[in-house]
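Biologist: I'm new to this one. Can you walk me through it?

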Amino acid sequence: MIDFKKDRNSEPVDENLNRILGNSFSAYKKLLEKLPDFEADLEWRFYKDGGWLAKVTRKKKTLFWGEPRDGHFTAAFHFNERNLSGVLELDIADDLRKMFSNTPASARNMTTLKIDIYSENDLPDVYQLIGFKKNAK
C-alpha cells in the first residue's frame, strides 16, 4: 500500500495516484485539465508533518491544497474573514454551505472548507470555489 503521508519516495505520479484514488482518479484528472481555465498550476510538495500535498496556485496566490486519500481526493480551501459571506452566496451544495457556516475560524482567522472529490459530480462546487478564490481579496 502506498503511504503518501509518510513515504517521501512514493511520489504522487499518475500510477500511484490511480491506486490510491481508485474510481475518483478520473475526477482528479478532469480537475487537472480544468486548472488552466483558472490560470492555475498544481505543484506537489512533500511536508514532514503532512506528507505529499498538492498546492494549487495562481501566480503567488494559493487557491487550495489537495490531498490524495483512500478512494478520493480532498481539496481544502482557506478563506479569510472578509470572504465568508461571499462563499455562502456561491452556487454550491447546501451541505457544503452548511458545513462551512458551522466551521470555526482557526487561530489565524481562516475558515476552511474541505471537499472530498469522489466523482466528476463533485467538481462543479470545486470550480465555483476556485473561481471565487481566484478573484477574492
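Modeller: We'll start with the whole chain and then turn to single residues. This is a predicted model: local features need pLDDT of at least 70, side-chain atom pairs count only at pLDDT 80 or more, and totals for chains, interfaces and linings use all residues. Residues are numbered from 1 along each chain as its sequence is written, and side-chain values use heavy atoms, with hydrogens and water left out.

Biologist: How many helices and strands does the protein chain have?

Modeller: Five helices and five strands. Those are DSSP runs, numbered from the N terminus: helices are H or I with at least four residues, strands are E with at least two. From the N terminus, the order is α-α-β-β-β-β-α-α-β-α.

Biologist: What radius of gyration does the protein chain have?

Modeller: 15 Å. A compact globule of 137 residues would be near 14 Å, so the chain agrees with that. The radius is taken over C-alpha atoms, and the globule rule is 2.2 Å times the number of residues to the power 0.38.

Biologist: How much of the protein chain is buried?

Modeller: 45% of the 137 residues. Buried means under 20% relative accessible area, exposed means over 50%, and partly exposed is in between (1.4 Å probe, protein chains only).

Biologist: New topic. Where does Ser 24 lie?

Modeller: In the loop between α1 (14-21) and α2 (25-34).

Biologist: Is Ser 24 buried or exposed?

Modeller: Buried, because its relative accessible area is 1%.

Biologist: Which residues does Ser 24 touch?

Modeller: Gly 71, His 72, Phe 73, Ile 117 and Tyr 118, not counting residues up to four places away in sequence. Contact means heavy atoms within 4.5 Å. A polar atom of the Ser 24 side chain also lies 3.2 Å from the backbone oxygen of Gly 71.

Biologist: And Asn 121, where is that found?

Modeller: In the loop between β5 (110-117) and α5 (123-135). Asn 121 is exposed, at 68% relative accessible area.

Biologist: What about phi of Lys 59?

Modeller: Near 55°, a positive value in a residue other than glycine. Most residues other than glycine have a negative phi. Lys 59 sits in the loop between β2 (51-58) and β3 (61-69). Lys 59 counts as exposed, at 69% relative accessibility.

Biologist: And what is phi for Asn 109?

Modeller: About 60°, also positive, and Asn 109 is not a glycine. Asn 109 is in the loop between α4 (94-101) and β5. Asn 109 counts as partly exposed, because its relative accessibility is 47%.

Notes:
A polar contact is a pair of N or O atoms within 3.5 Å; within protein, one must be able to donate a hydrogen and the other to accept it, and residues adjacent in sequence count only if both atoms are side-chain atoms.
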